[in-house]
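Have the structure open as you read.

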Amino acid sequence: MKRKNRKNVFAINWMEVDALIKGTHSDPHHILGAHECIDDVYVNVYLPDAKIVKVKDLDSGKEYSLVSDRVPGFFSAVIKNKKEFDYEVFAKFDDGTELSYIDPYLFEPLIDPIDISKFNEGIHYEVYEKLGAHITTYDGVKGVLFAVWAPNADRVSVVGNFNNWDGRRHMMRRLDYSGIFEIFIPGDFADEIYKYEIKSKDGRVFMKSDPYAASSEIRPANASKVVSLDYAWKDDEWLAKRSGALEKKNEKPINIYEVHLGSWKRPEDGREFFNYKEIAVKLAAYMKKIGYNYLELMPIMEHPYDPSWGYQVTGYYAPTSRYGSPTDFMYFVDYMHKQGIGVIIDWVPAHFPKDEHGLGTFDGSHLYESDDPLRREHPHWGTYIFDYSRNEVRNFLVANALYWADKFHVDGIRMDAVASMLYLDYGRQGGEWRPNINGGNENFDAINFIKEVNTKMKELFPDVLMIAEESTAWPMLTHPVENGGLGFDLKWNMGWMNDFLGYIKLDPLYRKYHHNELTFSMVYAYSEKFVLVLSHDEVVHEKGSMIEKMPGGYEDKFSNLRIAYGFTMTHPGKKLLFMGQEFAQFKEFDESSELDWSLFEFDAHNYILDYVRDLNKLYFTEPALTKFDSEDSGFKWISVDNANDSMISFERRTDDPADTLVIVCNFTPITHKNEKIAVPFAGKWKEIFSSDNLKYGGEGKNNKVVKQSKTGKVDGRKDYISANIPGLSISVFKSVK
């Protein structure tokens, strides 16, 4: 085996032993293990509470007893006339426990100076291959490489059931020119739990979970877990197709179903959750039935507190164990790909919780969070803010985004709470924040981090979507970094969601006074590449579900919901709808229970699901709704100023006139018979979709015959059709030969 350099080493330096016992020795390997001294080898073992310690020569099979006669727990022996000595340790403890192992202090570091240098510079984009716990074979010996960044610690040890959680048993070496602590421990540690025991410079001793752990115990337990990430992927065809569509990604339909995995559906056999593998089958079948091509998961990274919905992450590299293992989640993504569904995950690089086992004050100092109290915490959320100025912290986050694309084949990452990262005064009053070097409120370090993560993703995984959840008007979010933008592919249109929901909640009688809230989005529609979202944010905290937001009686609520969804689907922008809203769930989102599937006992909820399904089908089959989604050539107002009637009409188009659609929305309950609707050109126009269709729960006042255009000036156009426009409805017309 590859042993450390033992030449010209004195056998025992008792000052070193003293530092070892006190937990201040930066390199336990320097004193422990086997060391040559002239013609002999000294073997030193530190096993507190051991009664008998022996070593067995792996070549000859001869055993040697080690003696502890000066410092309790420190055992030593001289092996005469030996130059090379590979051995196993045998120990018996006071309680009668016995164990044998290959000494971890025999091995050279596995992390080399190049890795250290890249990490120090913040450019080690595969650092997750080095830090954390990695099952590996080193010089023919199977074991686990444990490595963690804790630059301000006096001592770091790996602890677990395998050493009775005794931090004196597996003390780690500090690598030169680095704050990384490392140890290779021989043995089979698959599925073993572990933590790092850390002694801070002020003498405190505490335990932390591994920031780079690939798995964790099921909450409320929080130890990290040694796992393998070996998985035989079967999605080559999907990835090739995804890559092939890269150049036209702005034109492709993106229809996202947003899901909280633990509360979409739950088992009936007494278990709390389905496994990733089980729910993949159920969820994919449901999504294909309704017509979604992307799934967005609220954070599935490990988190301790269910009501945080995953937005307070403690294990950034670990899929939550609530639903199974990391390879189970790989299966989940793989299965979705085989069903033609892309997987987007929510990601939270803005802040992290203060849980004792997490990243906060990790090595006894403010390591991942800022030293500056005016930049350290989010006042609204009671969480820590990442220190984006620190190379290793930034590396932790950038590599984390790449990790999910690399190891788990995700198709998109939606970055949460971007506004809170961009502004130093986010959620703060005067005197509670520190300006940047120019006296402004822009967080330059966070801006540089965002540019870096988007740039590296484009370089290494160019077909993975990067999406910003950003609630302000920060400019050029979806413009390329090289052109002065932040480099996202898409931005959640929070402004549209706020305005439109404010409008649609109004009694139709008062909508005419708020017409601008309905139409204002087109003023800025092409400033960014947008996703129109009706997300989880708006169906929690007593905001009411989508159906509950709608005004009027029972039937009016459903009519309003149909036109709301119809307007969303025909408006420029990609689409997102939160789970349960597709069948008009009345109750708000509750992470502690599944969706209200019992509502399908009632016709109205079946009708609205059928409506959403057909609306999704329309979105995928009509090129005008997607081809020029991010260009002003794909949209034109026909009638935008009819506030008194709360009616609008507009066209969606491609470069082929045959694709042209005319959309008419009536946001009042008043039916307009033989209404003159301007059309882009003369010809026959057929209503291909109407929310008032009987099969959707409407009144059936939709237009059932093809309309021949007439000549006459309407809304500045020279051609029009006469059509019935039912109350609270959307109608879609298309030219036909």
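## The second largest cavity

Sorted by class, five nonpolar, four polar and four charged residues line the second largest cavity. Keep in mind that we're looking at a predicted model here.

This cavity holds about 80 Å³ of space. Its lining is made up of 13 residues, and the closest to the centre are Phe530, Pro572, Gly573, Asp629 and Ser630.

## The largest cavity

How many cavities of 30 Å³ or more turn up in a search of the whole structure? There are four, and the largest has a volume of about 120 Å³.

If you'd like to pick out the lining yourself, look for Asn255, Tyr292, Leu534, Tyr565, Thr568, Met569, Lys575, Leu576, Leu577, Val612, Leu615 and Asn616. By class, that comes to eight nonpolar residues, three polar ones and one charged.

## A four-stranded sheet

Now for the sheet. Four strands make an open sheet in the order E4-E3-E6-E7, and the pairing is antiparallel. Strand E4 (63-66) and strand E7 (98-102) sit at the edges with a single partner strand each, so one side of each has no neighbour in the sheet. From one strand to the next, the twist averages 25°.

Zoom in on the E6 and E7 pair: strand E6 (residues 87-93) runs antiparallel to E7, and five bridges join them. Which residue in E7 stands opposite Val89? That's Tyr101.

How values were computed:
Residues are numbered from 1 along each chain as its sequence is written. This is a predicted model: local features need pLDDT of at least 70, side-chain atom pairs count only at pLDDT 80 or more; totals for chains, interfaces and linings use all residues. Side-chain values use heavy atoms; hydrogens and water are left out. On a 1 Å grid over the protein atoms alone, a cavity is a set of points where a 1.4 Å probe fits but cannot get out, and a pocket is an open set with protein on both sides within 12 Å along at least five of seven lines; lining residues have an atom within 4 Å of a point. Grid points are joined across faces, edges and corners, and a volume is the space filled by probe spheres set on the points. Ala, Val, Leu, Ile, Met, Phe, Trp, Tyr, Cys and Pro count as nonpolar, Asp, Glu, Lys and Arg as charged, and the others, Gly among them, as polar. Two strands pair if DSSP finds at least two bridges between them. Helices (H or I, at least four residues) and strands (E, at least two) are DSSP runs, numbered from the N terminus. Axes are lines fitted to C-alpha atoms, for helices over the stretch in contact, and angles run from 0 to 180 degrees between N-to-C directions.
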